[in-house]
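Have a look at the model first, then go through the points.

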Amino acid sequence: MLSVFAQIYEQPGFFVEVVLGGLMAGVLYALVALGFVLIFKASGVFNFAQGAMVLFAALSLVRLMEVMPFWAAFLASCAIMVALAFAIERLVLRPLVNQEGIVLFMATLGIAFFLDGFGQTIWGSEVYTLELGVPKDPVFILESVFEGGVLVNQLDIFAAVVAGALVVVLALFFQKTKIGLALRAVADDHQAAQSIGVPLNYIWLIVWSVAGIVALVAGMVWGAKLGVQFSLALVALKALPVLILGGFTSVPGAIVGGLIIGVGEKIAEVYFGSQIGGGIENWFAYVLALVFLLFRPQGLFGEKIIERV
Amino acid sequence: MIYRETGQFKISYAADQAIFPIRQDLIGMLLILAVAFIGIPLLATDYFYLAILIPFLILSLAAIGLNLLTGYCGQLSLGTGAFMSVGAYAAYNLAIRVPDLNLLVIFLMAGGIAALVGVVFGLPSLRIKGFYLAVATLAAQFFIDWVFLRIKWFTNYTPSGSVSAPALDIFGYVFATPRQHYLFVLVIVVIMALVAKNLVRGRIGRAWMAVRDMDIAAEIIGIPLLRTKLLAFAVSSFYAGIAGALWAFVYLGSWEPYAFGIDRSFQILFMIIIGGLGSILGCFLGAFFISIVPILLNQVPAALGVPISTATASHLEYMIFGALIIFFLIVEPHGFARLWQIGKEKLRLWPFPH
């Protein structure tokens, strides 16, 4: 245990590199978690299909890019995700309105199954490489501060920039537009929002569309990193601890939670993983989130739930 | 008219509290048991046992376990697969490390060990609720998967990590054929289903339901939350552990940790939701549906003679499965058990209009 701290002290450059790597990974987790939060906030649906949506969006994008330039493919994929949101709202959410949370959760699991199958049926199930025109070679930065510099992947920096831009756009959308105001109203209180004339169905359509586009961006970045393949659907599982850490209803929570999980996971993996057998990245994030939960049951930024009999 | 309880007067408390107070239910149950114990063994083929009946029964048992926790006590859990694997590996280790231990004792102890692990992972339920808890139980799933994959002691240092169960030998009688396996599983499942049914009708089950409906209110009327929730986790994991041991020893024979991955947890959750939360009957209906549908979907392309690749077929299977789940949730969000309930109400009058 002590040797770990000694190691950190002796090689601060390496430590910074690990932390930076963790932050980059965290940004990616946060991107997926963001989609969850948007939907949970506005409709109270725990959307397990977010991972499937990431996969579906990435597959659409990568296959469309084979026949058209990037920007056209991106817009077309956006249109596909909006159409998907429309279909989900019409065919799944509307008939199930007013059901308990667990039933809606189950329905999103059904959606996840359907999308996994549907996406791979129409777009194919091989591993596709997504070229965004971003160099993937690692570069050294901060060479003047640390001996040997810090190794950073350019793609990761690109991902962080994209994620940051997305968060800014979303924040502006939520805070400055009329639709954003309606969305916040619905998130606050469904009934009150409806009674002052906010059309719920329309709002859900928008929220699912936005979540779909967030999934597209997440799929784009993850796909560029890992290749577009079925394992992207499992990225959702990585985003869950981020959610419980940050709180289901908080956008900043998703970001901060993602960063904490990313850094914690990387540090644990690099410094402690080898001592207990390796491969701990699958569960470490969950345990980290659990420990946080024991002190703050509603997550870092979640709303405090006040219960009355 | 068929399902009419007119004239069945209950003249003692015992009759009123009977497990099947209505005669038609009792007769129906006895008929089902007769078919299961006598009819099926006379008719079924080996394929039928191995591909349908045995997995169906074992998964029903796991579904009962999860339903006790989620349907009755209201604690959503996504870690059933993990508790099944605890049962399976506990049984395996007991079988190879403790000589001459009776297999039934091994199964009971495996269930007990799973129950202990379940209690440990149930501890967060005292602080967190709902979907937060569901995600927390995923921690159990991933952690336990990792333990059996990486800590070689549990798999007896086999290089591939896959282990084989010993022969099913109880008091010198070896269960070898699929029919014997089926009967062995059937006896265990019937007994445990009966226990579960009685558990939920009694004090414990009522305490669970009170906690499910509103835990603060339950606490105020004097139900100890800590004990009740942890008991639900323990009993649920006990059932899951025995189901896991059966799954490993009887159905799989040899297995690796992936047999109890997160997909298994979701599969069992599907079962209880499609079948009906808070219903023992629902566990069987849901398990039947979820285990039979993929088999049927598998047969369809071959039966129609459509030449599609196996990959496409499996993707189509996913699609249809997902669509079916959504369809059934929309038709009846409370599951098959509720459909059956409605059917019984209708049968009271049918075929007469009034």
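**Notes on chain B**

1. Let's start in the loop that runs between α6 and β1 of chain B, where Tyr157(B) sits. This is a predicted model, and the phi of Tyr157(B) comes out near 60°, positive in a residue that isn't glycine. Tyr157(B) has 8 other C-beta atoms within 10 Å. With 12 or fewer counting as exposed, Tyr157(B) is therefore exposed.

2. Asn156(B) belongs to the loop between α6 and β1 (163-164) of chain B. Asn156(B) isn't a glycine either, yet its phi is positive, at about 55°. Is Asn156(B) buried or partly exposed? Its C-beta has 13 others within 10 Å, so Asn156(B) is partly exposed.

3. Why flag these angles at all? Because most residues other than glycine have a negative phi.

4. There's a cis peptide bond to check too: Trp350(B) and Pro351(B) are joined with an omega of about 5°. Pro351(B) is in the segment that follows α14 (335-349) of chain B. I mention the bond because most peptide bonds are trans.

5. Now the contact between the chains: chain A puts in 41 residues and chain B 37. On the chain B side, the elements giving two or more residues are α6 (130-150), α9 (215-220), α11 (262-275) and α13 (310-331). Which of them gives the most? That's α13(B), with 14 residues.

Definitions and conventions: Residues are numbered from 1 along each chain as its sequence is written. Chains are lettered from A and ligands numbered from 1 in the order in which they are written. This is a predicted model: local features need pLDDT of at least 70, side-chain atom pairs count only at pLDDT 80 or more; totals for chains, interfaces and linings use all residues. Two residues are in contact if their C-beta atoms, placed from the backbone, lie within 7 Å. Helices (H or I, at least four residues) and strands (E, at least two) are DSSP runs, numbered from the N terminus. A residue is buried if 20 or more other C-beta atoms lie within 10 Å of its own, exposed if 12 or fewer, and partly exposed in between; C-beta atoms are placed from the backbone.
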